[in-house]
Structure formats: structure tokens, C-alpha cells
Amino acid sequence: MEVWIDGVLYVPAESEDLPEGYLSPHFRAEEFTCNHCGSAGPGVPQELLDVLEEVRDWAGCPVVINSGYRCPTHNANVGGAPQSKHLEGIAADIRLTEVPSNRVADHLEGEYPDRYGIGRYDSFTHIDVRPTKARW
């Protein structure tokens, strides 16, 4: 099933029958829009949705998206890196309602030891689906 939201095409996994506005069983398109301007940017890749669903299944609790896509203005306003993966729409800063951020990062590093960008912060974890490994 294809979902068009604000002119952006999202293609969730074909086997899923999702409610309107959902990109995967637990994540809505609006959760990934820019907190500054509301833009959806280039859309959310299925690979990122799959990783986030896997984290939710592992943790057994909701995953909150603090930041998904960022427009250049918002990225600059929050001190984001000039080449931030948020600008490409392939990143999410997440927090889990019942799991500390360091445990989330540990889990992600164990599941994806040779790929993706994983950043450790006190109150959230960054995950992006770049093809190479990056850690901070």
C-alpha cells in the first residue's frame, strides 16, 4: 500500500494493513516531520521504520521520536551537524518510555555492529540508516 502525505510518497511493507497516516504498525508519518516547519522532507525510508519497529519489539514499550527530518533552518537552530543525516530524512532521535538511552544504544550496536550511525546522548539515542558504521 502506498501512502501519499503532503506530496511525499511513503511505501510501507506490502504485507501490512495500516491505519491512515501510519507508515508502520507503531509509527505515524507526522512523528517524523520537521519540528520547525512541518515538512516531511524526502520521506521516511522503510529501513529506518524497520529498525524502529525492531527496537520497539525488543523493548516492549513505546518509542518516542524526538526528531526525525530537519529542514536546514531547524538543523542549524538546534546545533545539528552540517552533514546531519536528519537533513536527508534517514535519522531519528529516539527515547523509550521504559528503557534508558544507554541500553538502547547498546542494543542497537549489538544488532547492527557494522552499519548505521548510532549516537549516545543522556536523554535520547540517535539512529540513522547510513550504509556505513558511525558511532559517537
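Residues are termed buried under 20% relative accessible area, exposed over 50%, and partly exposed in between (1.4 Å probe, protein chains only). The model is predicted, so local features need pLDDT of at least 70 and side-chain atom pairs count only at pLDDT 80 or more, whereas totals for chains, interfaces and linings use all residues. Numbering runs from 1 along each chain as its sequence is written, and side-chain values use heavy atoms, with hydrogens and water left out.

The structure holds 9 salt bridges, a salt bridge being a side-chain nitrogen of Lys or Arg within 4 Å of a carboxyl oxygen of Asp or Glu. In one of these, the closest N and O atoms of D93 and R70 are 3.0 Å apart. This pair links distant parts of the chain, 23 residues apart: D93 lies in strand β6 (residues 91-96) and R70 in the loop between β5 (63-67) and α2 (72-77). Helices (H or I, at least four residues) and strands (E, at least two) are DSSP runs, numbered from the N terminus. Both D93 and R70 are buried.

E109 forms a salt bridge with R135, with 3.8 Å between the closest N and O atoms. Because E109 belongs to helix α3 (residues 101-111) and R135 to strand β9 (residues 133-135), the pair ties together parts that are 26 residues apart in sequence. E109 counts as partly exposed at 25% relative accessibility, and R135 counts as partly exposed at 27%. A network of salt bridges links D106, E109, R120 and R135.

The buried residues of α1 are L48, L49, V51, L52, E53 and V55.
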